[in-house]
Amino acid sequence: MRYLFLFLFSFSFAQQTSKVDFKTMNARLVPNATEKSISGQVNYQFEVLNAIDTIAIDAIKMDFTNVKINGKSINFKNTTKKLQLFEGFKKGKNTLTFTYTATPKQTLYFIGEGEDLQIWTQGQGKYTSHWLPSFDDVNEKVIFNLSIAFDTSFEVLSNGKLDGTTVYPPLSYPNIIWHYQMTKPMSSYLVMMTIGKFAKQTTKTKSGTPLEFYLDQKDVDKFETTYQYTTQIFDFFEQEIGVKYPWEIYRQVPVRDFLYSGMENTTATIFAQDFVVDKIGFNDKTYINVNAHELAHQWFGNLITAETGKHHWLQEGFATYYALLAEKELFGDDHFQWELYEMAERLQQNSKTDTIPLLNEKASSLTFYQKGAWALHYLRETIGAANFQKAVKNYLKKYSFKNVNTDDFLTEVKAVSSFDTAAFKHIWLEQSGFEVNQALALLRKNKFMTSYLELVELQSKPFSEKKTTLENLLKSDAFYPLKEEVVFQLAEVPFEEKEALLTIALDGNNVKVRQAIARIMVEIPIPFQSPYESLLEDASYITKEIALGTLWNLFPEKQVDYLNQSKDWIGFNDKNLRILWLTLALMTKDYQNENKVQFYDELMSYSSPKFESSIRQNALTNLLFLNPNDHNILKNLVNATTHHKWQFTLFARNQIRELIKTERHKKYFEEMLPNLNAAEQSQLKRLLEN
């Protein structure tokens, strides 16, 4: 009976939205960077629609005081997962007020300290309830208005329009409150807060929507390259989707050590600092696709929200596909088809082991995002762009600020076409695998893709039989992936036979094609040394990194020249070039011996908690190669296992697992244990015991 009771109790809360409708939250919040905590005063307006015994608000490990309904203090229950209310409310309109405090272990992150402090949230899924009493159920949509108190020297961002600030005397703390107001409801996972030392630029779209762009104050020279094409993407979406942007403002802000590429909080996207690039970095890595993807979510996910995880593709598949359509608008159809082809390649490879279909809450991210996008592309190509646009427009207007499922969308498709939606649903959404033949048929409609697929078929042919074809492609004005593929097919060809073609490829001055040459040249014959050295001058941090490492390794007599040429390089946000340079400088015999301690200390500092995880991981990788017995390196490696970013902690754990296979390193780590903090001890003990 106990288990049946628990099931019924859980089921009753799952049905809460049919009995209670929370309308508005007004909250005043105070983040505390010293304690890494947050406190707040919250006012909810809600309406009881039908009789209900207990109303629940999701709240993970929070403390509550002054809980009142309709102005009267009430008894309540705090389960450490929910705030449960069982008295004081009536049918119809009600108000709920309370104060709370929380010290979240996730979702609210405090990065750095002092002037370098950043505070940000990531509520994707059902995690906002770790820092704000709210609703894990995405079907409960609320108008959230947050007033956030903090230090006046910081920029504070949240959802909606800034409705002024309240300033307090200079000696008080916090000394400013930022008041943000929403006018339309959204699911709780889309609530956000970001605090940091940011610079700001603004503009407006064709339809008059204000756009706000933020960057760390240290990156003010990167606004243009980071946010390039943002306004064009916004204007294109309003035209292509056929529904005006549904909110009053849109802002974007990068933060350090963000968990993912980006997060589409309503009106305010947070994205990873790694996408902040200069002019050279822009040639290798851009924010464009992530930018478009997160903006598309303002319609697909925020305006309308999938009612359960089973229909998650309605958010991620749509956002992925519309991001591709935006890139097509910016860069043309060949680029668009190439992106689709690369997705198809990944999906085909993944389908060999991934048997979970798209319409399943346990589907992989690749399936939700990229198979979802391909399903929409197949649908759009089959029913025609005009019908697809009409169906999407009707779908968005009909379900604005509501929750949806797959059949809701397919019903709108059926209304504008004679398309067999049942067969589409079964083949593309309910079956596992990837429809390779249907995808190839669509790709072959594009002339460039037909040429590319024909070129791929030449991979097994002898060089003598295809030399003329490859040479003609390199001399043509063909889209770069064709020339890139030509270079890759030259990888195993003897140098004497391919030298002329490599020279043609180099002389074409395409960054991507030249980078392909850098990748395939494991050995560099003397006649090609000088041409290859020209890659060090390319406007590509990736090409520079490959070329520097290759040349330093193959030509010891010129190592000093190469190091002198590259001594001021930094590279991406992860300092890829600087960390490589320090490593090579330390390994080069008699190179600046008087500075080698300084070089080592600098490299060591990059592995410490003072820096972002991407920098730390690069540094740790190289330091472990240089000196795997240095206890300071190993200590920083252990510290990395406690980081909030799972990708970084996985790297650190895997490195330690490999190291403790030797008795020497196992002993090093065991001796280190007593001097570690509690979190580090816990992680290291687990690794040593396993």
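**Helix packing, an open sheet and a cavity**

The model is predicted, with local features needing pLDDT of at least 70 and side-chain atom pairs pLDDT 80 or more, while totals for chains, interfaces and linings use all residues. Residues are numbered from 1 along each chain, and side-chain values use heavy atoms, without hydrogens or water.

**Helices α7 and α8**
- The axes of α7 and α8 (residues 385-398) come within 6 Å and cross at roughly 120 degrees; axes are lines fitted to C-alpha atoms over the stretch in contact, with angles from 0 to 180 degrees between N-to-C directions.
- From α7, L376, L379, R380 and I383 meet A385, N387 and F388 of α8 (contact: heavy atoms within 4.5 Å).

**Sheet**
- An open antiparallel sheet of 4 strands has the order β9-β10-β16-β12 (pairing: at least two DSSP bridges between two strands).
- β9 (108-111) and β12 (155-158) are at the edges with a single partner strand each, so one side of each lacks a neighbour in the sheet.
- β12 is joined to β16 (residues 193-196) by 4 bridges, and V156 stands opposite I195 in β16.

**Largest cavity**
- The largest cavity has a volume of about 80 Å³ (cavity: points on a 1 Å grid where a 1.4 Å probe fits but cannot get out; volume: the space filled by probe spheres set on the points, which are joined across faces, edges and corners).
- Its lining includes L347, D354, K371 and F434 (lining: an atom within 4 Å of a point).

Definitions and conventions:
1 Å grid on protein atoms, 1.4 Å probe; cavity = no way out; pocket = protein on both sides within 12 Å on 5 of 7 lines; lining within 4 Å. Helix = DSSP H or I, 4+ residues; strand = E, 2+ residues; numbered from the N terminus.
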